[in-house]
Amino acid sequence: MEEKTYVDDIDRSVYDIKNEEKDGYRMKEGLTPEIVQQLSKEKKDPQWMQLFRLESLQIYNRMEVPDWGPSIEGLDMDHIATYVRPDTKMSTKWSEVPEEIKETFERLGIPQAERESLAGVGAQYDSELVYHNLKEEVAAQGVVYTDMESALTGEYADMVKKHFMKLVKPGDHKFAALHGAVWSGGSFVYVPPGVTVEIPLQSYFRLNAPGAGQFEHTLIIVDEGADLHFIEGCSAPKYNVANLHAGCVELYVKKNARLRYSTIENWSKNMYNLNTKRAVVEEGGKIEWVSGSFGSHVSYLYPMSILKGKGARAEFTGITFAGAGQNLDTGAKMVHSAPETTSYINTRSISKDGGVSTFRSSVVVGKEAKKSKAAVSCQSLMLDSHSRSDTIPAMDIRTKDADIGHEAKIGKISDEAVFYLMSRGLSEEEARAMIVRGFADNVSRELPLEYAVEMNNLIQLEMVGSIG
Amino acid sequence: MAEILLQTEGLKVSVEDKEILHGVDLQVKRGETHVLMGPNGAGKSTLGYALMGNPRYKVTDGSIFFEGKEITGESADKRAKAGMFLSFQNPLEVPGITLSSFIKSAMEQRQGSRIRLWDFKKELNKAMELLQMEESYGARDLNAGFSGGEKKKAEILQLLMLNPSLAILDETDSGLDVDAVRTVSRGVLEYQKEKKGGLIIITHNTRILESLPVDYTHILVDGKIVRTGDASLVEEINEKGFEEFLKA
């Protein structure tokens with residue numbers, strides 16, 4: 001009883017259950033134009049996409065691996081299968097999803113969450129979506145929520161072509177180029193002008209195959225005055241070989257629209273998470289990022305917001321938890337390129353058992369961004385003396401007429417605070433977990449309840465058993 | 001039920017290898033209120049911490065018994081679960097955890113089962129009313145940004161909610177204005193009346209004692225109890241201070 005009073009039972013095994021790989025198709029490992037062409041054929045791409053992939057591959061081959069962050073030497077692209085198609089077609093009914101895959105998502109609570117609190121759900125297993133569904137009443141509002149593949153050829157094909165990798169271009173960095181070459185799966189969302197989607201949409205990404213990569217593409221367009229909350233979740237079982245996630249998220253927030261993009265990332269600790277996320281916000285619009293990073297062996301993750309229209313706003317609220325063997329380099333980037341724009345970065349990072357957590361942020365206020373406001377607040381908590389926490393905030397302010405604030409705090413759990421909580425009857429583990437949960441409160445309070453519970457469970461999972 | 005709640009025998013306590021308490025014998029029976037007085041640096045708070053099991057305060061010799069069971073080596077949470085409570089002189093701030101959820105968690109830990117939110121709220125509101133605390137306090141982060149007086153009230157609130165059989169109050173009255181002292185004493189009086197547990201009140205101020213019946217007074221000087229008397233000893237100290245004991 002004692003250890004389970006605060007949160008429901010938690011069990012790492014839920015994330016760790018591996019299904020035997022029963023692929024319909026597994027691409028040869030490595031990267032060559034032939035492999036990319038083959039992939040494109042398998043996916044029945046339109047012509048332009050096939051060319052796009054090949055051009056991206058050329059860019060990929062030209063570009064250098066980034067040398068400014070955590071080492072990714074353990075990642076050998078010659079041994080990553082870029083495309084693993086599960087042996088099923090996409091379905092809009094859970095009952096039609098193969099038993100084994102369905103069970104995986106059942107265990108992760110996805111169908112239940114859909115019934116109880118979501119407007120629509122997409123579930124990706126390895127490289128392809130296996131399930132996609134949108135509640136009828138939301139579809140009736142004109143909201144489009146579909147897998148990327150259908151979007152490429154469907155009613156919104158032109159819109160997709162106009163926006164696909166225009167915000168994150170393949171030339172941005174090596175892994176954006178890789179994504180352009182081998183992307184597969186992901187979701188397309190379009191919310192028409194003035195429509196408020198009352199309850200969130202969610203896509204869940206599960207990578208089951210060992211030694212594989214997941215490269216899903218998420219493209220969301222929230223039209224003028226519309227409002228959406230989108231949640232993405234990710235997990236994978238742990239293997240001894242490296243897995244790679246190089247997804248790409250492109251968010252277009254139009255005039256006076258609002259988009260909240262929440263992520264709970266719990267990749268297994270053999271994952272290289274080299275993900276690129278970007279939003280462009282027009283006049284009076286707002287992007288709100290809520291981000292919890294718990295998994296991965298190495299992460300490079302800095303969602304970027306481009307405030308392009310007057311009065312556009314961006315908020316980034318994030319937490320990163322780096323345990324043994326993890327090197328998580330996370331943060332956010334804000335670009336102010338219009339007057340009276342506001343941005344706020346509020347992050348917490350925790351490191352324990354030798355984990356390395358680096359906060360990296362960049363705020364750029366252009367000379368046209370008069371009367372803009374930007375604030376950065378980052379706090380780090382180290383749970384022991386052999387863990388590491390770094391803070392690398394950068395600011396590039398090109399107008400005098402801006403209000404800029406920054407605060408950073410790095411600390412440890414105080415023994416006196418632990419004793420204080422213990423004197424009320426909490427065990428040492430529980431006392432520490434409570435302090436960490438309190439520290440993470442900025443993020444958990446921003447999440448829908450069931451995700452806040454999941455996040456607290458993850459913290460609990462990381463904390464319990466860490467003492468003595 | 002054991003008549004003797006707490007007993008220490010020849011208790012010696014060191015902090016960072018410096019011995020602070022040089023052999024303290026103390027016995028507290030159920031329903032008794034003991035006052036521990038003494039000049040600054042005499043070791044009063046050290047005794048409170050050592051009784052509660054703060055790992056920084058090391059017992060180098062002697063024993064502590066609670067309800068007849070030796071607890072000298074037990075961790076603080078075990079002592080709390082057994083029924084001990086320490087009201088801190090400087091309560092710690094825990095951002096992100098609300099006062100009310102913390103109290104609820106602590107209660108659940110002690111009793112080993114869930115408490116219904118409705119029942120909890122009712123009880124909490126009653127106790128907060130007694131302490132003249134706004135209901136909104138419950139939603140504030142534990143001690144974070146609380147004034148000195150608010151922190152002490154929050155400690156007494158925890159005392160009332162956790163309802164221990166022995167409560168040690170370390171300088172609960174220090175830094176409070178007259179009204180706040182009165183409110184806090186009201187809470188302590190309520191505990192004394194309802195629970196009939198044991199109380200050890202550490203203070204060098206006597207205002208908190210004006211409304212509380214006292215059974216024993218101990219004078220602690222240089223890590224030793226140099227004199228034990230009844231409530232009248234408090235008066236004596238009030239008049240003459242600790243001068244006499246310091247010379248001895």
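Student: How are residues and chains labelled, and what pLDDT do local features need?

Tutor: Residues are numbered from 1 along each chain as its sequence is written, chains are lettered from A and ligands numbered from 1 in the order in which they are written, and side-chain values use heavy atoms, with hydrogens and water left out. As this is a predicted model, totals for chains, interfaces and linings use all residues, side-chain atom pairs count only at pLDDT 80 or more, and local features need pLDDT of at least 70.

Student: Which residue in the hairpin of S11(B) and S12(B) takes a positive phi?

Tutor: Strand S11 (residues 216-221) and strand S12 (residues 224-229) of chain B run antiparallel and are joined by 5 bridges; two strands pair if DSSP finds at least two bridges between them. Across this pair, Ile219(B) stands opposite Arg227(B), and Thr217(B) stands opposite Gly229(B). The hairpin has 2 residues between the strands, and the residue with a positive phi, near 50°, is Asp222(B).

Student: In which loop does Lys196(B) lie?

Tutor: Most residues other than glycine have a negative phi. Lys196(B) has a positive phi, near 50°, and counts as exposed because its relative accessibility is 54%. The loop that holds Lys196(B) is the one between helix H6 (178-195) and strand S10 (198-202) of chain B.

Student: Is Val221(B) buried or exposed?

Tutor: Val221(B) belongs to strand S11 of chain B. Leaving aside neighbours within four places in sequence, Val221(B) is in contact (heavy atoms within 4.5 Å) with Pro39(B), Ala42(B), Val226(B), Phe245(B) and Leu246(B). With a relative accessible area of 7%, Val221(B) is buried.

Student: What is the average twist from one strand to the next in the open sheet of chain B?

Tutor: The open sheet of chain B has 6 strands in the order S6-S9-S10-S3-S11-S12, with mixed pairing. Its edge strands, S6 (84-87) and S12 of chain B, each pair on one side only. Axes are lines fitted to C-alpha atoms, for helices over the stretch in contact, and angles run from 0 to 180 degrees between N-to-C directions. From one strand to the next, the twist averages 20°.

Student: Why do S4 and S25 of chain A stand at the edges of their sheet, and what is its average twist?

Tutor: Chain A has an open sheet of 10 strands, ordered S4-S3-S7-S10-S13-S16-S19-S21-S23-S25, and its pairing is mixed. Strand S4 (128-134) and strand S25 (402-412) of chain A each have a single partner strand, so one side of each is left without a neighbour in the sheet. The twist from one strand to the next averages 5°.

Student: Which residue's backbone oxygen does the side chain of Asn442(A) reach?

Tutor: Asn442(A) is in helix H12 (residues 441-444) of chain A and counts as buried because its relative accessibility is 8%. Not counting residues up to four places away in sequence, Asn442(A) touches Thr317(A), Gly318(A), Asn346(A), Thr347(A) and Arg348(A). At 3.4 Å, the side chain of Asn442(A) reaches the backbone oxygen of Asn346(A).

Student: How many residues does domain 2 of chain A give to the contact with domain 1?

Tutor: Chain A is divided into domain 1 (16-418) and domain 2 (419-468), with bounds that come from an automatic or database domain assignment. Taken over C-alpha atoms, the centres of the two domains are separated by 26 Å. Domain 1 of chain A gives 33 residues to the contact, and domain 2 of chain A gives 25 residues.

Terms used:
Helices (H or I, at least four residues) and strands (E, at least two) are DSSP runs, numbered from the N terminus. Buried means under 20% relative accessible area, exposed over 50%, partly exposed in between (1.4 Å probe, protein chains only). A polar contact is a pair of N or O atoms within 3.5 Å; within protein, one must be able to donate a hydrogen and the other to accept it, and residues adjacent in sequence count only if both atoms are side-chain atoms.
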